[in-house]
Amino acid sequence: MAIVNRTPDSFHDRGRTFALEKATEAVTRAAAEGADWIDIGGVPFAPGPEVSAAEELDRVLPVVEAARGLAVVSVDTFRPEVAAEVIKAGAGVVNDTSGLRDPAMAEAVAGTDAQLVICHSLAAPRTEYPSPRYGDVTGEVGAFLRAKVELALSRGVRPDQIIIDPGHDLNKNTFHSLELCRRLDEIAAIGYPMLAALSNKDFIGETLDRPQQERLAGTLATVVFCITRGARIMRVHDVRAASDAIRMTEAMLGWREPAYTRHNI
């Protein structure tokens with residue numbers, strides 16, 4: 001899953017694809033580099049200024065249009081009204097990083113062909129949540145996701161529409177995110193396809209003492225590790241490198257044939 005953020009304040013690209021032309025170029029490039037899904041964002045999860053639903057739609061709808069037909073189109077939003085509009089425009093996935101904070105999100109997806117990513121987070125979108133505390137981070141994240149899945153099902157979402165995401169670094173410190181990686185198989189055991197959003201995150205930077213733009217190697221190591229623990233959708237910034245790492249991992253696990261075979265044949 002490639003990331004294309006049409007925001008001036010995204011945590012990694014800092015507005016590099018905020019301009020519509022740059023965002024559409026990024027969509028085309030991501031598809032060419034091997035992205036199966038493209039996740040389009042108009043409002044970051046992190047604290048920042050208010051962005052209205054109308055402005056969010058103005059940002060994401062043209063990019064949804066550009067991505068249609070190139071890959072599965074996902075939109076990262078916590079607003080049910082935005083979800084409803086992007087589904088009408090052709091989005092096949094709604095990526096709710098708020099974890100159904102507004103239960104109406106489930107109703108916006110129910111009865112459609114779209115899938116719903118339910119992500120663990122504690123804070124309301126765009127707000128601070130300093131010094132999060134957990135007794136057992138993996139157990140608590142798992143319990144949260146199970147409860148939110150039940151909520152979604154009760155609002156009419158079909159089981160085959162649901163994807164779960166443990167939310168690495170979202171209201172979690174580095175030790176929490178590392179433990180989630182180690183015990184990711186426990187989250188996978190909930191029984192729904194699992195997305196892992198790991199790319200260039202702070203837990204990688206703090207572990208390796210690497211600044212934001214020097215975390216690719218750490219990201220790739222984390223991607224490969226989490227695949228072996230049950231992650232099946234990897235949300236990344238550096239599509240070509242991640243695609244190679246993922247496909248090589250799949251081949252070693254026996255899930256993918258080599259692209260060609262000439263050596264010692």
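Is Asn264 buried or exposed? In this predicted model, Asn264 has a relative accessibility of 70% and therefore counts as exposed. The residue sits in the segment after helix 10 (239–252). Asn264 is not a glycine, yet its phi is positive, at about 55°. Most residues other than glycine have a negative phi.

Asp209 also has a positive phi, near 55°, and is likewise a residue other than glycine. Asp209 lies in the loop between helix 8 and helix 9. With a relative accessible area of 65%, Asp209 is exposed, since the cut-off for that class is over 50%.

Helix 6 spans residues 174–182. Its buried residues are Thr174, His176, Ser177, Leu180 and Cys181. These residues cover an arc of only 165° around the axis, so they fall on the same side of helix 6. Phe175 and Arg182 are exposed on the other side of the helix. The cover over the buried residues includes helix 5 (137–154) and helix 7 (184–188). Helix 8 (202–208) and helix 9 (216–228) are also among the elements that cover them.

The N-terminal end of helix 6 is capped by Asn173. A side-chain oxygen of Asn173 lies 3.1 Å from the backbone nitrogen of Phe175.

The packing of helix 5 against helix 6 was examined next. The two axes come within 9 Å and cross at roughly 75°. Helix 5 and helix 6 are therefore roughly perpendicular to each other, as angles of 65 to 115 degrees fall in that class. Helix 5 contributes Val137, Thr138 and Val141 to the contact. Helix 6 contributes His176, Glu179 and Leu180. By class, the contact has three nonpolar, two polar and one charged residues.

A buried arginine occurs elsewhere in the chain. Arg59 is located in helix 2 (residues 53–67). Its relative accessibility is 9%, so Arg59 counts as buried; the limit for this class is under 20%. Neighbours within four places in sequence were set aside when its contacts were listed. The remaining partners of Arg59 are Arg6, Thr7, Pro8, Phe18, Gly42 and Val51.

Terms used: Residues numbered from 1 in each chain as written. Predicted model: local features only at pLDDT ≥ 70, side-chain atom pairs only at ≥ 80, totals over all residues. Heavy atoms only, no water. Buried < 20%, exposed > 50% of the residue type's maximum accessible area, 1.4 Å probe, protein only. Helix = DSSP H or I, 4+ residues; strand = E, 2+ residues; numbered from the N terminus. Arc of directions from axis to C-beta. Contact = heavy atoms within 4.5 Å. Polar contact = N/O pair within 3.5 Å; in protein donor to acceptor, adjacent residues only side chain to side chain. Axes fitted to C-alpha atoms, helices over the stretch in contact; angles between N-to-C directions. Parallel < 35°, antiparallel > 145°, perpendicular 65-115°, else oblique. Nonpolar A, V, L, I, M, F, W, Y, C, P; charged D, E, K, R; others polar.
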